[in-house]
Amino acid sequence: ENTEKTAGANIRQQLVRAALLELTEDQQQVIALKFLEGWENDEIARAVNKPVGAVKSLQHRALAHLQKILLDDEA
């Protein structure tokens, strides 16, 4: 059972990594800073020299795109 869980987790991780590569560079950067580094949107905005609204838009579009890719892979 643990082997199956580990294998499943590895497969999901590979799928997420592949999906991330399909995002634009700006989207990848925003997603990495937000979800991997734990930054707040205002911190990201300052780091990437974009308005907070643009960061939110990049994040929203990136997450929507990731969801589409990952759900298509499950089908």
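In which loop is the place of Asn 49? Asn 49 sits in the loop that joins helix 3 to helix 4, the latter spanning residues 52-74. The report below describes the predicted model around this residue and several others.

## Overall architecture

The chain is built from 4 helices and has 0 strands. Read from the N terminus, its elements follow the order α-α-α-α. Helix 1 covers residues 2-20, helix 2 covers residues 25-36, helix 3 covers residues 41-48, and helix 4 covers residues 52-74.

The radius of gyration of the chain is 14 Å, whereas a compact globule of 75 residues would have a value near 11 Å. Along the principal axes, the C-alpha atoms occupy a box of roughly 45 × 25 × 15 Å.

## Burial, surface and charge

Buried residues make up 24% of the 75 residues in the chain. The accessible surface amounts to about 5,600 Å², and carbon and sulfur atoms contribute 51% of that surface.

Among contacts with a separation of 6 or more, 52% are between residues 24 or more positions apart. As for charge, the chain carries 9 positive and 12 negative side chains; the centres of these two sets are 5 Å apart.

## Helix 1: Glu 4 and Leu 20

Two residues of helix 1 may be considered in turn. Glu 4 has its place in helix 1. This residue counts as exposed because its relative accessibility is 66%, and the cut-off for exposed residues is over 50%. The C-alpha atom of Glu 4 is separated by 29 Å from that of Ile 31, a residue 27 positions away along the chain.

Leu 20 also belongs to helix 1. With a relative accessible area of 24%, Leu 20 is partly exposed. Once neighbours within four places in sequence are set aside, Leu 20 is in contact with Gln 28, Ile 31 and Leu 66. Between Leu 20 and Ile 69 the C-alpha to C-alpha distance is 9.4 Å, although 49 residues separate the two in sequence.

## Helix 2: Gln 27

Gln 27 is a residue of helix 2. Is Gln 27 buried or exposed? Gln 27 counts as buried, since its relative accessibility of 11% falls under the 20% cut-off.

Apart from neighbours within four places in sequence, the residues in contact with Gln 27 are Leu 58, Arg 61 and Ala 62.

Helix 3 contains the buried residues Asn 41, Ile 44, Ala 45 and Val 48. Why do they lie on the same side of helix 3? They do so because the arc they cover around the axis is only 100°.

Most residues other than glycine have a negative phi. Asn 49 is exposed, and its relative accessible area is 69%.

## Helix 4: His 65

The place of His 65 is within helix 4. His 65 is partly exposed: its relative accessible area is 30%, which lies between the cut-offs of 20% for buried and 50% for exposed residues.

Which residues does His 65 touch, not counting those up to four places away in sequence? The residues touched by His 65 are Glu 22 and Leu 23. The C-alpha atoms of His 65 and Trp 39 are separated by 21 Å, and the two residues are 26 positions apart along the chain.

Methods:
Residues numbered from 1 in each chain as written. Predicted model: local features only at pLDDT ≥ 70, side-chain atom pairs only at ≥ 80, totals over all residues. Heavy atoms only, no water. Rg over C-alpha atoms; globule rule 2.2 N^0.38 Å. Buried < 20%, exposed > 50% of the residue type's maximum accessible area, 1.4 Å probe, protein only. Contact = heavy atoms within 4.5 Å. Areas by Shrake-Rupley, 256 points an atom, 1.4 Å probe, with all protein chains shown as cover. Lys, Arg positive; Asp, Glu negative; His and termini not counted. Charge placed at Lys NZ, Arg CZ, Asp CG, Glu CD. Arc of directions from axis to C-beta.
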